[in-house]
Amino acid sequence: MEWEDIYEQSRKIANEALESLLEEREPACGEGAGQRIAKRLRDGGYLAARAEQRKRFCGKEAFQTLLCREKKHRRRRIAAWVGTAACVTVACGMAGWWIQRQETALSPAPAPSATVCKIETRAILIKGDGKQVVLGKKPLQTTEGNATTVAIDSTGVAYISRENPHADTAVTNVLLVPRGGMYSLTLCDGTRVWVNADSRLEYPVAFSGRQRTVRLSGEAYFDVAPNGKSPFVVKTGRGDITVTGTEFNVKCYADEHDIATTLVEGRVSFAGKGQEQHPQPLRPGEQAVWEESSCRTTVQRVNVRHYIGWKNNKLSFQEESLEDIMRTLSRWFNTGVVFENEELKALVFSGNMEKFSDLTPLLRLFELSSDARFEVKEGTVYIRKKK
């Protein structure tokens, strides 16, 4: 989100918060300190001048200041105004700047005893002969089969057919992306695939025949090269997706029991397990979810940004439970999660923000507007209720 958007939204939310405070606490006559502050926050020129002094808003610094200096009772009131934890990113940016002017400081929350791994560009490539190649940002080049060059650099893996494009159709490669990793590859037909953490993609080195088939376990985003004569098929353990040229996201983790297909552009058809004879067509902006418990597929319109943000290194949650969010974060940051209070799993959060360099700032946002308390110890996040 750009600074101009943060500034405008923060100003509006700060106005509403201060107006609510004034209705409860300011006397009927005379201009109190709160009213003077409200006038200043409504003054675009004043705020612009302060913004210039601060150069550029930094969300992480604002929240760290908020946690360190805010009074306990005021923190509870502001948390109530801004609602769910991830959404406080915008509102508390301005609130944090104002509160840091207060003289009374609050002791900072205890720092985690150990940090978790950062997200990295890494994967393992299993070649047709069974040899494994550890992939990172280091460039290298190898061959596969008789007619394919495999180029590896900081952007991912690319398969380039040199002569006979059908010579390596029987050769299969597997890309394994571990927890805490991400990787991308370009298949021999030009299709680009972004593979998320804790995922496995199996594919032929070269395509031939009536369809182009890959197998996925986990999550991946596909930008399929158009070919009306050879549909692109993504097979999973819970259903198949068929396309001719489009962009879509598939999420099918073994521990989630459902499969979700989100269409960004073009057209796809989705057939859940046992529904192969009745595929469900999707239009851009629609998502199909097949539920293992009922063996039924439901289609709904969604904000696709919430489901493909991971490809662009963004954290995006839309009214998701803390249990689901932590399951996702545990894959991204390769960390364990322990809920010491089962009730906390049902807490709901929404938000959209850049991925931080580590998990700590995000956990502190969650702490700010909920009863949950987070502690990272030896690579595991412990979640307990505040006392």
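Two strands pair if DSSP finds at least two bridges between them. Keep that rule in mind for this tour.

The model is predicted, so local features need pLDDT of at least 70, side-chain atom pairs count only at pLDDT 80 or more, and totals for chains, interfaces and linings use all residues. Residues are numbered from 1 along each chain as its sequence is written, and side-chain values use heavy atoms, with hydrogens and water left out.

**Stop 1: the whole protein**

Show everything as a cartoon. The secondary structure comes to nine helices and 24 strands. Helices (H or I, at least four residues) and strands (E, at least two) are DSSP runs, numbered from the N terminus. Now colour by burial. Buried means under 20% relative accessible area, exposed over 50%, and partly exposed in between (1.4 Å probe, protein chains only). Of the 387 residues, 45% count as buried. Contact means heavy atoms within 4.5 Å. Among the contacts with a separation of 6 or more, 55% come from residues 24 or more positions apart.

**Stop 2: the sheet β21-β24-β23**

Select β21 (336–339) and β23 (372–377). The three strands form an open sheet in the order β21-β24-β23, with mixed pairing. Which strands stand at the edges? They are β21 and β23; each has a single partner strand, so one side of each is left without a neighbour in the sheet. From one strand to the next, the twist averages 20 degrees. Axes are lines fitted to C-alpha atoms, for helices over the stretch in contact, and angles run from 0 to 180 degrees between N-to-C directions.

Find Lys377, then look across to Thr380 in β24, which stands opposite. In a regular strand the side chains alternate between the two faces of the sheet.

**Stop 3**

Next, select helix α9 (residues 360–368). Helix α9 lies across β23 and β24, at about 155 degrees to β23. How many of the nine residues of α9 are buried? Eight are, so α9 is largely enclosed by the rest of the structure. Show Thr360, Pro361, Leu362, Leu363, Leu365, Phe366, Glu367 and Leu368: these are the buried residues of α9.

**Stop 3: the second largest pocket**

A word on terms comes first. On a 1 Å grid over the protein atoms alone, a cavity is a set of points where a 1.4 Å probe fits but cannot get out. A pocket is an open set with protein on both sides within 12 Å along at least five of seven lines, and lining residues have an atom within 4 Å of a point. Grid points are joined across faces, edges and corners, and a volume is the space filled by probe spheres set on the points.

The second largest pocket holds about 700 Å³ of space. Its lining has 28 residues. Select Lys251, Glu256, Ala260, Tyr307 and Glu320, which lie nearest the centre of this pocket. The lining divides into nine nonpolar, 10 polar and nine charged residues. Ala, Val, Leu, Ile, Met, Phe, Trp, Tyr, Cys and Pro count as nonpolar, Asp, Glu, Lys and Arg as charged, and the others, Gly among them, as polar.

**Stop 4**

Select His257, in the loop between β14 and β15. Its phi is near 70 degrees, a positive value in a residue other than glycine. His257 is partly exposed, at 43% relative accessible area.

Move to Asn334, in the loop between α8 and β21. Asn334 is not a glycine, yet has a positive phi of about 50 degrees. Asn334 is partly exposed, at 35% relative accessibility.

Now pick Arg305 in helix α7. Is Arg305 buried or exposed? Arg305 is exposed, with a relative accessible area of 57%. Draw a distance from Arg305 to Asn352: C-alpha to C-alpha, they are 9.1 Å apart, and 47 residues apart in sequence.

**Stop 6**

Select β8 (residues 181–186) and β9 (residues 192–195), which pair antiparallel over four bridges. Ser184 has Trp194 in β9 as its bridge partner. Five residues lie between the strands of this hairpin, where Gly190 takes a positive phi near 95 degrees. Finish on β7 (residues 172–177) and β10 (residues 199–204), an antiparallel pair with six bridges. Leu176 stands opposite Arg200 in β10.
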